[in-house]
Amino acid sequence: MGRVTERRRVIRVRDGVVSTRPDTLVAEEPLEIRLNGKPLAITMRTPGDDFALAAGFLVSEGVLAAADDVQSIVYCAGAKEDGSNTYNVVDVKLAPGVPVPDITLERNVYTTSSCGLCGKASLDAVRTTARFPIADTPPVRLTPELLAGLPDRLRAAQQVFDRTGGLHAAALFSEAGELLDVREDVGRHNAVDKLVGRALRDGRLPLARAVLLVSGRASFELAQKAVMAGIPVLAAVSAPSSLAVDLAAETGLTLVGFLRGPNMNVYAGDERIALHSGV
């Protein structure tokens, strides 16, 4: 899809000098995800990797666990009144025998915002739907120095951000610091879904020895997605939320925040970080 960026005319003011010029903006369009033909959720995303996004979203909701769970993923033709395809509606058809979840308004509120239910209910929902308990054996072991170098590697891989300055990113790294995959989107949660969806379709779930790095903060929703994919380590360049820390502590997820250069805060799962004495 050639719709990742768009051009717009902008009036530019620099040191009192006014000029006009075209500017490159990141594209943002709605994506409706349907499950077996029924609407499930709508998310605002950057077009591209839509099938992976839908698959990753369904992993985080406990619907999918393996590539064989999916019979097909297609764009819905005739999404507009004139019968044309907007490429903004995706239908995921489950393979025969895969349970179809109960699609309710309450579920949609929870899946799209992760704040439609109280904190305890949100934690319970993840506990009851997780397919891949975090079980890295032997445990992943990371040095602070290795973690410190990951944000720069993520930033260097953000091709669209360089042109627009308007995208979040998520990346998967190996425990040795090797960049495995990176995705960009207007939403951090979408970028993570694209990573997880690609891993599902490639038969790589659970991601039991991977490190997930996200730009910005670590919300409950992002911690949830890491747990549902079996990822043992989530790192963010900004702050986590209190519910994200609670979820990490309960599930065994290592959660690192404020990862900036050699500085970082470890909020949960410090056994995976090779910390020096003085803690």
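Reader: Which residues have the most contacts inside the largest nonpolar core?
Author: In this predicted model, the largest nonpolar core has 57 residues. In soluble globular proteins, nonpolar side chains tend to be buried together. Inside the core of 57 residues, those with the most contacts are L64, L205 and L212.

Reader: With which residues is L212 in contact, leaving aside its neighbours within four places in sequence?
Author: L212 is among the residues with the most contacts inside the largest nonpolar core, and another core, of 18 residues, among them A169, F173, V233 and V256, lies apart from that one. Leaving aside neighbours within four places in sequence, the residues in contact with L212 are A170, A171, L172, V192, L195, A226, I231, V233, L234 and A235.

Reader: Is L154 buried or exposed, and at what relative accessibility?
Author: L154 has its place in helix 4, residues 144–156, and, leaving aside its neighbours within four places in sequence, it is in contact with A169, A170, A171, F173, V182, L213 and S215. Since buried means under 20% relative accessible area, L154 counts as buried because its relative accessibility is 3%.

Reader: What distance separates the C-alpha atoms of L154 and F173?
Author: F173 is one of the residues in contact with L154 when neighbours within four places in sequence are left aside. Along the chain L154 and F173 are 19 residues apart, and their C-alpha atoms are separated by 9.6 Å.

Reader: Which strands are the edge strands of the open sheet of six strands?
Author: The open sheet has the order 8-7-9-10-11-12, with mixed pairing, and its twist averages 20 degrees from one strand to the next. Each edge strand pairs on one side only, and these are strand 8 (179–185) and strand 12 (263–268).

Reader: What is the bridge partner of R260 in strand 12?
Author: Strand 11, residues 254–260, and strand 12 run antiparallel and are joined by four bridges. In strand 12, the bridge partner of R260 is N263.

Reader: At what angle does helix 6 run to strand 8?
Author: Helix 6, residues 188–201, lies across strand 7 (168–174), strand 8 and strand 9 (210–214). The angle at which helix 6 runs to strand 8 is about 140 degrees.

Reader: Why is helix 1 roughly perpendicular to helix 7?
Author: Helix 1 (residues 50–60) and helix 7 (residues 220–228) pack with their axes 8 Å apart, where F57, V59 and S60 in helix 1 meet Q224, K225 and M228 in helix 7. The residues of this contact divide into three nonpolar, two polar and one charged. Angles of 65 to 115 degrees count as roughly perpendicular, so helix 1 is roughly perpendicular to helix 7 because they pack at an angle of about 85 degrees.

Notes. Residues are numbered from 1 along each chain as its sequence is written. This is a predicted model: local features need pLDDT of at least 70, side-chain atom pairs count only at pLDDT 80 or more; totals for chains, interfaces and linings use all residues. Side-chain values use heavy atoms; hydrogens and water are left out. Axes are lines fitted to C-alpha atoms, for helices over the stretch in contact, and angles run from 0 to 180 degrees between N-to-C directions. Helices (H or I, at least four residues) and strands (E, at least two) are DSSP runs, numbered from the N terminus. Angles under 35 degrees count as roughly parallel, over 145 as roughly antiparallel, 65 to 115 as roughly perpendicular and the rest as oblique. Contact means heavy atoms within 4.5 Å. Ala, Val, Leu, Ile, Met, Phe, Trp, Tyr, Cys and Pro count as nonpolar, Asp, Glu, Lys and Arg as charged, and the others, Gly among them, as polar. A nonpolar core is a set of buried Ala, Val, Leu, Ile, Met, Phe, Trp, Tyr and Cys residues joined through side-chain atoms within 4.5 Å. Buried means under 20% relative accessible area, exposed over 50%, partly exposed in between (1.4 Å probe, protein chains only). Two strands pair if DSSP finds at least two bridges between them.
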